[in-house]
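Open the model in your viewer and keep the selection panel at hand. The stops below go from one interface to the next, then to a sheet and some backbone details.

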4 protein chains.
Amino acid sequence: MKQKLNVKLKLTKVMEEKVTIKRSKLHELGFQVGILERGEKNSIADVPDVTVGHSTIIAGEGELKPGFGPVRTGVTIIKPHSGNVYRRKVRASSYVFNGYGKTIGLVQVEELGNIESYICLTNTLNIPKVAETLIQYHVDENQDIGVDTSTINIVVGECHDGFLNDIQGRHVQKIHVLEAIESATSDFEEGSIGAGTGMSALGFKGGIGSSSRIIKTEDREYVLGTLVLSNFGRKNDLTILGRKFITQTEEEPKKDDGSIIIVIATNAPLNARQLNRLAKRAPMGLAKTGSYGSHGSGDVVIIFSTENKIDHDSTDQTISMETVNENTKIFRDLLRAVIESTEEAILNSLLMATTVIGRDNNKKEAISIEKVKEILSK
Amino acid sequence: MKQKLNVKLKLTKVMEEKVTIKRSKLHELGFQVGILERGEKNSIADVPDVTVGHSTIIAGEGELKPGFGPVRTGVTIIKPHSGNVYRRKVRASSYVFNGYGKTIGLVQVEELGNIESYICLTNTLNIPKVAETLIQYHVDENQDIGVDTSTINIVVGECHDGFLNDIQGRHVQKIHVLEAIESATSDFEEGSIGAGTGMSALGFKGGIGSSSRIIKTEDREYVLGTLVLSNFGRKNDLTILGRKFITQTEEEPKKDDGSIIIVIATNAPLNARQLNRLAKRAPMGLAKTGSYGSHGSGDVVIIFSTENKIDHDSTDQTISMETVNENTKIFRDLLRAVIESTEEAILNSLLMATTVIGRDNNKKEAISIEKVKEILSK
Amino acid sequence: MKQKLNVKLKLTKVMEEKVTIKRSKLHELGFQVGILERGEKNSIADVPDVTVGHSTIIAGEGELKPGFGPVRTGVTIIKPHSGNVYRRKVRASSYVFNGYGKTIGLVQVEELGNIESYICLTNTLNIPKVAETLIQYHVDENQDIGVDTSTINIVVGECHDGFLNDIQGRHVQKIHVLEAIESATSDFEEGSIGAGTGMSALGFKGGIGSSSRIIKTEDREYVLGTLVLSNFGRKNDLTILGRKFITQTEEEPKKDDGSIIIVIATNAPLNARQLNRLAKRAPMGLAKTGSYGSHGSGDVVIIFSTENKIDHDSTDQTISMETVNENTKIFRDLLRAVIESTEEAILNSLLMATTVIGRDNNKKEAISIEKVKEILSK
Amino acid sequence: MKQKLNVKLKLTKVMEEKVTIKRSKLHELGFQVGILERGEKNSIADVPDVTVGHSTIIAGEGELKPGFGPVRTGVTIIKPHSGNVYRRKVRASSYVFNGYGKTIGLVQVEELGNIESYICLTNTLNIPKVAETLIQYHVDENQDIGVDTSTINIVVGECHDGFLNDIQGRHVQKIHVLEAIESATSDFEEGSIGAGTGMSALGFKGGIGSSSRIIKTEDREYVLGTLVLSNFGRKNDLTILGRKFITQTEEEPKKDDGSIIIVIATNAPLNARQLNRLAKRAPMGLAKTGSYGSHGSGDVVIIFSTENKIDHDSTDQTISMETVNENTKIFRDLLRAVIESTEEAILNSLLMATTVIGRDNNKKEAISIEKVKEILSK
């Protein structure tokens, strides 16, 4: 694992525009959601020591041959911190807004209030392969896993990229997970990349998007950042800062299912119960972009705090921790930050995504930056 | 209980404008939330046989004398149907979005998936008195309650009207609950009435609001209606159909707490699990009006279906029921209907509320209909 | 509230034996459940500063006249500490094992992880009257309740004493709640007393029972104590330390409903999530006495820790707390202590209860201490 | 998949005794838990059309070489019915008693109230490989999975067999899952087999155990069956029909963790909410064998009804179903049946297991049938 991976992505025409076409996050267009200040990068990586890595898998064109391609999929990894996450777990919680989804690992997250692995995103049917590699990775790092009674709980979330990708083919291999792990950085890309490669949202190309908010008080400053894997909704419902994107209703598929995985990080010291309270606000941000939590949409929120890490090897009888006083403006602003950063991360996933042509020449176009500007300027 | 109640409300100056000032629901201004058709009354009473009754208690003016007034409070009753609700229970569920609240009865609603009493709304500290009367009422109607092992589970929700009302005084008496019960009608009033008399929302006078949606398919038509008791949020956050109400931030109290109780009725045949899925969407509508689910806001959703009533006295071994197929457009539209009708019910609670001056001459102004029209016309 | 209450209990023949007949807790018979050491009193009051008070209401004999009697009911109050519980809240959680019950206050307990009132037990239909008085009591103590946005959340649990008591009569009055509050002591009585006056369990007279366990490590010692209000089950299922009480099945009512409220206190420093983990073990102790969680049994667990009290008035940005390391033997022993003390508290509720003759001369006999000794000696 | 698999198990000395030593289920010793009648096989396969298949993997002896062996592990599959489970889903629920576990699939089971795959049990770290094969199997059977928006949710439970097995090696391969699927029968074996091969419980060899109960009324008869994968607890706590197995406390490991997966099937018509009520009773049976739900024990209950199957392809607007009336003796007996069959299935897992020597010559002895008989005869 120590050698640098040197995976060559098979770039095809479908990705060429990525290099040439300028995409912009919402703040780069001069707008933002809500009233709280955003972090410098306006991403989950504004939370100190949180990084994100991608592996993007693109191969083949034309007709779908199940098991062979075309492939438009990938993996995205969120590292809660740069150390050994199994030995230094982070306080965590989750909220399943709509459980038509296959995210794994939440049973233990809820019981123990912590996450002890990288958080991985991929497509629905790739979960087992990704999980297998994540386990291998953490076992290699921690040779005591499995000895005695210990094991490791890994967290993998998913959306369904079958509109563009040969999802039955389950093309994510071990090397892709490792590439995502190795490439983790605080300057990660957004849009049609990693797990977002084949995703669609609100009638346009979706995928990875991120945003952050600063929560300040006289003597303290915390950051809360959100990363989404967006793959839900209809164009007719798309709403940007309160404005409908199209005014004339278009014909759209009856089954407007899909999913969204929302990963939230903060360096505010919060316990699992408090994190859960935050997580439950994320659908409020989701709602403002046009989701109604459709029946077939697996909408899952995963949240962690980088403070008060849990030492796996501690034999202390008690553990001390500091948590935000819930009866303060800080806590209220943290709730607000979840909603604002979720809405903006979703918008960024659209704004940063580039057009992708996939299986059976299915095409999902990038949203027009010009049209977004036009609508927001009214 | 059979004789007509003849309660004289002590009308004071604070309510005079009610008679003279025209208030309008959103659709009367020519607007509506979302895309689904609304019911004829645009209220929860569009669901056949659902009725709503109020008792409004207004007395005294000027300085707060705890225990003595001034009084600006009341009771609102939702009858799930016109029959004996204990003997013919309705399928039900609830969703506690933010549990900083004192709603009673939800433990049993969740276990058994039904509601067997009228649903009552009042202020926070009046819950015991209201519950006492509701129990008495249902025991009078059903002499077998308490005999053998049977009891009755009553549902009472609350918000905090202490800004305008002497809440410590707990001024709701038995007669008020009975008046609300007796006055139940499908043509109930909204705004500063019943439990809404002393409530404030989003910087303005709040209270009771309602809205409904029709869910149609080729051969079926269902109605879903929502009634809210609104008492949350800040003027700075107030958003109407995507537009912020004020553009310049105003100074507001740090603790923007409050609450909202959202009661949803439908005649679509749904079981408790399905009703719970619907209930979880209500905060999505709430979000669009400007709530962020503040720490101190008790945000509770109560939902029931009038179909598949449960016969208390049935000794049948099995029970047959029909439920909506979740994998249909009907079910998706029901989810959407919850969000749309919740948002619109909240807006209607503002639009229908009239200015109230309460304890210590605290004043909560009605939102200006003219300004709302102006904003929506842009 | 400051003057000493001087309530005269109307003692009737039904209670006379109480004075004359010696009842014994399990340990006084030379037995105990499980392996952990018990506290000195073997009661919830072994947890420092936790006290319990009762008000027992007995009046009338013979035929049931609904609303008039006979009365065999009462109130039991658990004080989490001797101070002002609203201003110094305790960390808490709950677990609804079977929600066919009307306990109030749990919505907020779960959201905020604390309890801010005395915990009160009574019969099902008395909840509103008891709640009303509890609110009054705490408002008198804390004049700021209701002012601004604050309110108080009270916790009241219940069982159904209608077999012996005129439950429709709702005979608990304000003075009884106050008597229970004023009489709280660490040397409280068990059996047919307070809320337990009219309760029946496992075919015999039930009611209040308590037990405790010590959790020790090299340098620390914690106490966990349990108090139950037992009112469930059939004689055919009664099991004492693994032995069935009767070997020949007796004819019993088909509807073996009832309920149990289990209140657990500890001075081990635990947060709400940890307390919830403990609470979920209580039904394991319940099971061993013969319960199967019957359909109509409201089985509710309420748990709190006296450590890490929450200062209502704190304006600190963050709060420090110490919690038990879950990966220690202490935590495992706390789980075990819940099960052992729950089982033993239930047995003590039977062993300490005295025969009561109630409405319609319904009679529930005390379990025979001699027979219990005999069975356990085999 | 259609060809018969011809997997040769590498039998070693450790399994020889299996052939020669007679093991007996509890009823074969002349005893049973509780009062309800058991089914003919006293297993989950008494529920019509439910079958169970195993694949047992045994290889190597002596010192643990992580990744190479020795191997003492396997796979157990429960088929909810003999048809295509994806196209004819079963009503289902789950209850996580202690979530220190990695079971996958529960998020969707809870949301939709159904199971649409075989239920698979294996060891903790094998989950991904098993899941991968299960997905492949069901995709092969249902070529439309992944097309449009559809996917498949698979359910895989786990315990930790690292005391006897090279768990880091993750030795379950595709062929083992297929073998388990192909070998499913109503006359399946119990004990040290399939997923139970390397499991230990209550100080002895554990693994697979099963039991069933009949629920009768005048005109109806239902079956409820339970299968456990037992891997929890200490010898000091082992209790058989109320009697402690050892009276002198033995030295045991401090960390008495482990897990149990409890799978319950019934042909009683129950909806998801009702199934959840049943599932919550399973820990009551678990408790009676000596578990206290230790911190590190992943205790998960999965439950399904074979009635009211859900047609994946139905486009009907509504679905009719019949469910048991909860207010009947049948429902109460179903609750009781869960507890009795869970306790007895656990005892059967011990009674049927044979001694296994595993990695590092770690040995877990089968419980002595003679000693059990002796204790029960007292």
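How many salt bridges does the rule find across the interface of chain C and chain D? The rule (a side-chain nitrogen of Lys or Arg within 4 Å of a carboxyl oxygen of Asp or Glu) finds 2 salt bridges there.

Before selecting anything, note the conventions. This is a predicted model, in which local features need pLDDT of at least 70 and side-chain atom pairs count only at pLDDT 80 or more, while totals for chains, interfaces and linings use all residues. Residues are numbered from 1 along each chain as its sequence is written, chains are lettered from A and ligands numbered from 1 in the order in which they are written, and side-chain values use heavy atoms, with hydrogens and water left out.

**Stop 1: chains C and D**

Select chain C and chain D. With contact taken as heavy atoms within 4.5 Å, 34 residues from chain C and 34 residues from chain D take part. The two chains bury about 2,900 Å² between them, 50% of it on carbon and sulfur atoms; buried area is the accessible area (1.4 Å probe) that two parts lose on being put together, summed over both. Now pick Y292(C), H295(C) and R332(C): these supply 25% of the area that chain C buries against chain D, more than any other three residues.

For one of the salt bridges, show R336(D) and D237(C), whose closest N and O atoms are 2.8 Å apart. Polar contacts are pairs of N or O atoms within 3.5 Å; within protein, one must be able to donate a hydrogen and the other to accept it, and residues adjacent in sequence count only if both atoms are side-chain atoms. Across this interface there are 15 residue pairs in polar contact (both at pLDDT 80 or more). Colour β3 (88–99), α6 (282–289) and α7 (329–352) of chain C, the elements that give two or more residues to the side touching chain D. Helices (H or I, at least four residues) and strands (E, at least two) are DSSP runs, numbered from the N terminus. By class, that side of chain C divides into 13 nonpolar, 8 polar and 13 charged residues. Here Ala, Val, Leu, Ile, Met, Phe, Trp, Tyr, Cys and Pro count as nonpolar, Asp, Glu, Lys and Arg as charged, and the others, Gly among them, as polar.

Next, superpose the pair, by least squares on the C-alpha atoms of residues with pLDDT of at least 70 in both. Chain C can be laid on chain D with an RMSD of 0.0 Å by a turn of 180° and a shift of 0.0 Å along the axis. The two copies are thus related as by a two-fold rotation axis. To find the axis, centre on G242(C), which comes closest to it among the residues of chain C, at 1.9 Å (C-alpha). The same surface serves both copies, since 100% of the contact residues of chain C recur in chain D.

**Stop 2: chains B and C**

Switch to chain B and chain C, where 43 residues of chain B are in contact with 43 residues of chain C. About 3,500 Å² is buried between them, 57% of it on carbon and sulfur atoms. V107(B), Q168(B) and R170(B) supply 16% of the area that chain B buries against chain C, more than any other three residues.

This interface has 2 salt bridges. One of them joins E132(B) and R170(C), with the closest N and O atoms 2.9 Å apart. The count of residue pairs in polar contact is 22. Highlight β3 (88–99), α2 (106–112) and α3 (127–141) of chain B, each of which supplies at least two residues of the side touching chain C. α3(B) gives the most, with 7 residues.

Chain B can be laid on chain C by a turn of 180° and a shift of 0.0 Å along the axis, with an RMSD of 0.0 Å. P128(B) comes closest to this axis of the residues of chain B, at 2.2 Å (C-alpha).

**Stop 3: a sheet in chain B**

Show chain B as a cartoon. In it, 6 strands form an open sheet of mixed pairing, in the order β4-β3-β14-β13-β10-β9; two strands pair if DSSP finds at least two bridges between them. β4 (114–115) and β9 (207–216) stand at the edges, each with a single partner strand, so one side of each is left without a neighbour in the sheet. Strands β10 (residues 221–231) and β13 (residues 258–266) of chain B pair in the antiparallel sense over 8 bridges. Select S230(B) to see I260(B) of β13(B) opposite.

**Stop 4: backbone details**

Zoom in on P70(B), in the loop between β1 (51–59) and β2 (71–79) of chain B. The peptide bond from G69(B) to P70(B) is cis, with omega near -5°. Finish at D49(B), where phi is near 80°, a positive value in a residue other than glycine. D49(B) lies in the loop between α1 (13–20) and β1 of chain B.
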